[in-house]
Amino acid sequence: ITKLDDDTLINPLLLFQFIEDELPAAPFNRRIYGGRGWMTRSKGIMYGAGQLYFMSTDVAHYVGHTLTAEDRKNMSHSRKTEDADMGVFVFSNPRPIKFMNLAMNQ
């Protein structure tokens, strides 16, 4: 499952190539979250920056169904971006999450 900003342009061929070459095949494609890695220094929150981030379906199920609306509300009260909130939600999973950092080296 992928989230894009409305001003993000993607090359579908490169996206499909990335999926084929870099993402694990089933049944090893569990608890994966990735994007351009970002971290807030003040709160120590790591997350996928908003241009594009993705998560495996089991992570999306955890965030959308296992966490209640009240859980998500309680976890998101002090952050300015939904991307940081999503990182908090994802990493609240009691099982380890594999973060794939897609940031390009400068």
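The side chains of K3 and D83 meet in a salt bridge with an N to O distance of 3.3 Å, where a salt bridge is a side-chain nitrogen of Lys or Arg within 4 Å of a carboxyl oxygen of Asp or Glu. Because K3 lies in strand β1 and D83 in helix α4, the pair ties together parts that are 80 residues apart in sequence. Salt bridges that share partners join K3, D5, E82 and D83 into one network, and a search of the whole structure finds three salt bridges.

This is a predicted model, in which local features need pLDDT of at least 70 and side-chain atom pairs count only at pLDDT 80 or more, while totals for chains, interfaces and linings use all residues. Residues are numbered from 1 along each chain as its sequence is written, and side-chain values use heavy atoms, with hydrogens and water left out.

| Salt bridge | N to O distance |
|---|---|
| K3 and D5 | 2.7 Å |
| K3 and E82 | 3.8 Å |
| K3 and D83 | 3.3 Å |

With buried meaning under 20% relative accessible area, exposed over 50% and partly exposed in between (1.4 Å probe, protein chains only), D83 counts as buried at 9%, whereas D5 at 26% and E82 at 48% count as partly exposed.

Strand β1 belongs to an open sheet of four strands in the order β1-β3-β2-β4, with mixed pairing; helices (H or I, at least four residues) and strands (E, at least two) are DSSP runs, numbered from the N terminus. Two strands pair if DSSP finds at least two bridges between them, and β1 pairs with β3 (residues 45-55) in the antiparallel sense over three bridges, with K3 opposite Y53.
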